[in-house]
Amino acid sequence: MGFVLNVIISGLISGSVYALLAIGFSLIFGVARIVNIAHTAFYMVAAYCIFFVTNKMGFHPLWGMAAAIVLVTLLGMICYRILINPIREHEGAVLIATIALAMALQEIMTMMFTGTYLSVPSLIGGYVVILGVKVFYQQLLTFCVAMLVMAALWVLLMRTKLGLAIRSTAQDKEVANLMGIDEAGMAMITMGISVGLAGFTGAVVVPLTILEPGMWMHPLIMMMAVVVLGGLGSLKGSFLGAYILGFAEALVVFLAPMGSFLKGSVALSIMILVLLIRPEGLFGVYFEEER
Amino acid sequence: MDLILFYLRKLFTVIKNEVLVLPSRVVVVLFFLFLLLLPVLTKDSYLLRIFTLTSIFAILAASWDLLSGFTGQMNFGHALFFGVGAYGSALLNLHAHIPPWGAIPLGALLAVLAGLIIGIPCLRLKGTYLALTTLAFPIILMGLIFAFPGFTGGELGISGIARLARSRVADYYIATVLMLGLCTIMWKITDSDTGIIFHAIREDELAVRAAGINTTRYKLLAFCLSGFFAGISGGLYAHFMKIAGPSTLEVSMSFTVVIWAIFGGIVTIYGPVGAVFVLFPLLELLRFWQELRILMFAVVVLLILLYMPDGLFPWLRDKVEKECPRCKIRNVATRNTCRVCTAPLD
């Protein structure tokens, strides 16, 4: 019974992280058709930001989180403005611009904090024992906050005018533009939301993980797998795909002897198997240009 | 004797009328001469090592261009071919005792097999889906390598394999001559009918299919060809470094290939090759600022992209040459009339 609970907790946490990341990635891909490789690099920057504010300056972790989210959102929007916006017409150039940006961010973080493993104290300590399994309050908190943010995002996208504008730009850029929606402005705002989500993910997950400059690689791969599995541009798909892959990872880690090495392989194989049956992903959205 | 003189005169005319008229061709000839004569000028072991590695990676970058540039099938997992080539030839060398000249092509054939295996499921996908899915394959293989360390060496990789050649200079010549030869072959492929079909698939796959061409077969062919060349470069790398490690399969490896190719300009073959010869030695030059190295590399790539989003070499070529509006033949930018049809150039 303890085993099942372990898998459930581990799957829910990593699933939520992947869901938050994948939704952000999906949003900016839908609106601006940008494959933002640097997405998880922003997640890493947010994590380091919290480390800096909490451990170096000695503030409460809550302040660190707030600072991280604001700073990373600003950083993302500035990077978009300066680096990506001028070359948006050239798909390949945008691609390697984001790769180079991710590399640059990783190097800057390595210079500032060295490459050693760091950790951040939990927001709330302690744990409760359920069926002989230690469930840390931090894990529960991370999960609940992630759920809340996803709900808030759903309200923003489905119930507000801004959300309507974002969704219509994603559906058809030209027509949205004809209806008076400022397409370039929408791309900018969406980039802010997307990177803000990445920053938020970094903020809620940092007490549960170890900080190192290469920590963006594994989430990046998993996030991309989630996005492909769920269908590009589909938020529902990203949400579901994230939990499928999160649970797959957790199961492999707890079942197989060499699990931690194989967890990526198994999750990615699941993605490929799904694609063999449904090439457009679980909830693939039909894009105008890709006919 | 007369025949020899005739061929000499013909060579002279070709050089005068076909090579010297265009700066890009002069540069290519100078590039060939420079690479072939470099060991005569210097025996510096470090310099030769850098250029050997540069040549090996140039094959890899050009093979990415052959697949992703020409057919437009964005491959984010090019490290798979490189890694399969490296591991394949290393294992063949270690366990079957096949010398490098046999192990490298056999490793490349394994990479072709890998191309077939990933090509068949991937060809149902398009665009970004394909790009993100191909990213997964090297990682799956890497997981398997870590999970079975007994056979694959795990994190440490396979060491103790045979050297490429006895001396550094021989290593250099093998890598360089192979690079020049293979890249010429790749360039010839892209110039042939097959290459035109590849290019057409990139521009409009539906139109190609409407013309009665089985595009799936051609895309699979592109995967196999690209896998073969990348596999050769992987095998060369393994035998040159005398180790085949998991670093050949890393995500950053796949990304670096994409950076090289797009930086140099895709759909050209010469672009990626040139880009490797600019960026790889540049990265070595920056070793004096060890901690700033990758950062400066990234900044250089970002800055160049802001001004030349189509890549460095097409941009340079357009600066020194222009196309005749009537007969589509390239001319030096300083000319006022076309060198063939004498139409005025704008």
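# Briefing: a predicted two-chain model

The C-alpha centres of domain 1 of chain B and domain 2 of chain B lie 33 Å apart; the domain bounds come from an automatic or database domain assignment. This is a predicted model, in which local features need pLDDT of at least 70 and side-chain atom pairs count only at pLDDT 80 or more, whereas totals for chains, interfaces and linings use all residues. Residues are numbered from 1 along each chain as its sequence is written, and chains are lettered from A and ligands numbered from 1 in the order in which they are written.

**Domains of chain B**

- Domain 1 of chain B spans 43-310, and domain 2 of chain B spans 311-346.
- Five residues of domain 2 of chain B are in contact with 13 residues of domain 1 of chain B; two residues are in contact if their C-beta atoms, placed from the backbone, lie within 7 Å.
- On the side of domain 1 of chain B that touches domain 2 of chain B, helix 13 and helix 14 of chain B are the elements that give two or more residues. Helices (H or I, at least four residues) and strands (E, at least two) are DSSP runs, numbered from the N terminus.
- Helix 14 of chain B provides the largest share of that side, four residues.
- By class, that side has seven nonpolar, five polar and one charged residues. Ala, Val, Leu, Ile, Met, Phe, Trp, Tyr, Cys and Pro count as nonpolar, Asp, Glu, Lys and Arg as charged, and the others, Gly among them, as polar.

**Overall form of each chain**

- Chain B contains 16 helices and four strands, and its C-alpha atoms fill a box of roughly 70 × 55 × 50 Å along the principal axes.
- In chain B, 47% of the 346 residues count as buried. A residue is buried if 20 or more other C-beta atoms lie within 10 Å of its own, exposed if 12 or fewer, and partly exposed in between, with C-beta atoms placed from the backbone.
- Chain A has eleven helices and two strands, in the order α-α-α-α-β-β-α-α-α-α-α-α-α from the N terminus.
- For chain A, the radius of gyration is 19 Å, in agreement with the value near 19 Å for a compact globule of 291 residues.
- The C-alpha atoms of chain A fill a box of roughly 60 × 50 × 35 Å along the principal axes, and 51% of its 291 residues are buried.

**Contact between the chains and the nonpolar core**

- The contact takes 38 residues from chain A and 35 residues from chain B.
- Helix 15 of chain B gives the largest share of the side of chain B that touches chain A, eight residues.
- That side of chain B divides into 27 nonpolar, four polar and four charged residues.
- The largest nonpolar core has 199 residues, and those with the most contacts inside it are Ala46(A), Ile96(A) and Ala61(B). Such a core is a set of buried Ala, Val, Leu, Ile, Met, Phe, Trp, Tyr and Cys residues joined through C-beta atoms within 7 Å.
- Among the residues that Ile96(A) touches are Val258(B), Ile262(B) and Leu305(B), not counting residues up to four places away in sequence.

**Helix 16 of chain B**

- Leu312(B), Phe313(B) and Arg317(B) are buried in helix 16 (residues 312-320) of chain B.
- These residues lie on the same side of helix 16 of chain B because they cover an arc of only 125 degrees around the axis; the arc is that of the directions from the helix axis to the C-beta atoms.
- The buried residues of helix 16 of chain B pack against several elements of chain B, including helix 2 (23-41), helix 15 (293-307) and strand 3 (321-323).

**Individual residues**

- Ala68(A) is part of helix 3 (residues 61-84) of chain A and counts as buried because it has 26 C-beta neighbours inside 10 Å.
- Ala68(A) and Ile50(A) are 18 residues apart in sequence and 6.0 Å apart in space, C-alpha to C-alpha.
- Arg33(A), in the loop between helix 1 and helix 2 (39-56) of chain A, has a positive phi near 55 degrees.
- Lys242(B), in the loop between helix 12 (215-241) and strand 2 (243-244) of chain B, has a positive phi of about 60 degrees.
- With 20 C-beta neighbours inside 10 Å, Arg33(A) counts as buried, whereas Lys242(B) is partly exposed, with 14 other C-beta atoms within 10 Å.

Methods:
The radius of gyration is taken over C-alpha atoms; the globule rule is 2.2 Å times the number of residues to the power 0.38.
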